[in-house]
Amino acid sequence: MAKEKLSFGGATLRRLSDLSGQTAIVTGGSAGIGKAAARLLAEAGANVVIANRRAEAGKIVADELCNDGHRASAMACDVGDEDSIRRLFEDTASRYGTVNILVNNAGIMPKTPFTEVTSKEWDIVQRINLRGAFLCMREAARLMKANPAGGRIVNVSSTSSMHPGVLGNAAYCASKGGINMLTKSAAFDLAPDNINVNAVLPGGTETEGVEELRKGPTVFVGPNTEKQRYRFGRLAEPLEVASAIFFLASPAANYITGQTLVVDGGFQVA
């Protein structure tokens with residue numbers, strides 16, 4: 001089925017950001033970029049499912065959104081486990097009817113010197129960051145294909161997929177490079193089903209995870225951590241990255257697919 005064209009009409013700008021009646025899953029939505037994206041989607045009218053390995057962490061965010069008058073819920077999901085992912089999408093479809101938007105945000109970023117990376121650590125990073133993202137995309141696409149309106153998938157990659165930005169990050173960089181090509185391949189395959197697939201590539205972002213890395217025993221150094229390397233002189237705030245995710249998840253990005261949108265405060269042009 002051909003992609004439905006957008007047309008001008010009453011309150012066009014509002015329609016381009018209106019997600020009323022749609023259902024969005026945000027993996028890793030309890031903190032940082034995922035939490036900010038979940039709030040934007042909820043404020044636009046979507047039913048938002050916060051999917052986290054620890055459901056109680058997602059419930060805190062879901063309760064905050066509900067207290068503000070939005071529609072949100074939390075579900076437990078370990079993106080390293082295929083059965084857990086399958087249950088997430090089955091339960092969401094059972095509760096809300098379908099899934100219209102997937103934000104693939106869950107991921108891990110251990111810091112290990114290259115020569116000390118074990119095969120076990122390598123496999124864990126790929127299983128969660130790349131395999132988990134693929135499985136979530138597959139389950140989402142199966143539901144979206146059954147919906148004439150299709151759907152939108154936004155993967156959270158990283159500028160580390162383009163160049164190494166932090167020491168001891170090889171497994172993470174490789175997983176995010178895989179996300180970029182997975183995004184393009186899925187976009188190519190799923191466009192006839194009205195499914196948009198894009199990725200956002202954040203640079204350094206002031207998240208809780210980054211703050212914990214600064215406190216940890218592993219040295220957290222590299223160009224991505226150096227604020228002076230960014231043309232705006234600072235790392236991004238989660239909302240600034242989430243805004244790009246929201247754009248790609250909204251009707252405003254109706255004719256955009258297979259793209260990797262860099263959000264790095266001018267790091268690439270410095």
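User: Why does Asn 194 count as buried?

Analyst: This is a predicted model, and the values are computed from it. Asn 194 has 5% relative accessibility. Buried means under 20%. The value falls under that cut-off, so Asn 194 counts as buried.

User: Where does Asn 194 lie, and what is its phi?

Analyst: Asn 194 lies in the loop between α6 and β6. Its phi is positive, about 65°, although Asn 194 is not a glycine. Most residues other than glycine have a negative phi.

User: What makes Ser 160 buried?

Analyst: Its relative accessible area is 6%. The cut-off for buried is under 20%, so Ser 160 is buried. Ser 160 sits in the loop between β5 and α6 (170-190).

User: Which residues does Ser 160 touch, leaving out residues up to four places away in sequence?

Analyst: Ser 160 touches Gly 165, Asn 169, Tyr 172, Cys 173 and Asn 224. Contact here means heavy atoms within 4.5 Å.

User: What is the strand order of the open sheet?

Analyst: The order is β3-β2-β1-β4-β5-β6-β7, 7 strands with parallel pairing. The edge strands are β3 (71-76) and β7 (260-263). From one strand to the next, the twist averages 20°.

User: What makes β3 and β7 edge strands?

Analyst: Each pairs on one side only.

User: How do you know that β2 pairs with β3?

Analyst: Strand β2 (residues 47-52) and β3 share 6 bridges, in the parallel sense. Pairing takes at least two bridges, so β2 and β3 pair. Within that pairing, Val 49 stands opposite Ser 73, and Ile 50 stands opposite Ala 74.

User: How do you know that β1 pairs with β2?

Analyst: Strand β1 (residues 23-27) and β2 run parallel, joined by 5 bridges. At least two are needed, so β1 and β2 pair as well. In this pairing, Ile 25 has Val 49 of β2 as its bridge partner. The chain gets from β1 to β2 through helix α2 (residues 32-43), in a right-handed β-α-β crossover.

User: Why is β2 called mostly covered?

Analyst: 6 of its 6 residues are buried. Buried means under 20% relative accessible area, so each of those residues falls under that cut-off. Asn 47, Val 49 and Ala 51 point one way from β2. Val 48, Ile 50 and Asn 52 point the other way. In a regular strand the side chains alternate between the two faces of the sheet.

User: Which helix packs on the sheet, touching β2 and β3?

Analyst: Helix α3 (residues 55-67) does, and its direction makes about 175° with that of β3.

User: What angle does helix α8 make with β6?

Analyst: Helix α8 (residues 238-249) runs at about 165° to β6.

User: At what angle do helices α4 and α5 pack, and why is α4 called roughly parallel to α5?

Analyst: Helix α4 (residues 82-96) and helix α5 (residues 119-145) pack at about 30°, with their axes 10 Å apart. Angles under 35 degrees count as roughly parallel, so that makes α4 roughly parallel to α5. The crossing is right-handed.

User: Which residues of α4 meet α5?

Analyst: Glu 82, Ile 85, Arg 86, Phe 89 and Ala 93 do. Their partners in α5 include Arg 131, Leu 135 and Leu 143.

Terms used. Residues are numbered from 1 along each chain as its sequence is written. This is a predicted model: local features need pLDDT of at least 70, side-chain atom pairs count only at pLDDT 80 or more; totals for chains, interfaces and linings use all residues. Side-chain values use heavy atoms; hydrogens and water are left out. Helices (H or I, at least four residues) and strands (E, at least two) are DSSP runs, numbered from the N terminus. Axes are lines fitted to C-alpha atoms, for helices over the stretch in contact, and angles run from 0 to 180 degrees between N-to-C directions. Buried means under 20% relative accessible area, exposed over 50%, partly exposed in between (1.4 Å probe, protein chains only). A crossover is right-handed if, with the strands pointing away from the viewer, the path from the first strand over the helix to the second runs clockwise. Angles under 35 degrees count as roughly parallel, over 145 as roughly antiparallel, 65 to 115 as roughly perpendicular and the rest as oblique. A crossing is left-handed if the near helix is turned anticlockwise from the far one by less than a right angle, and right-handed if clockwise.
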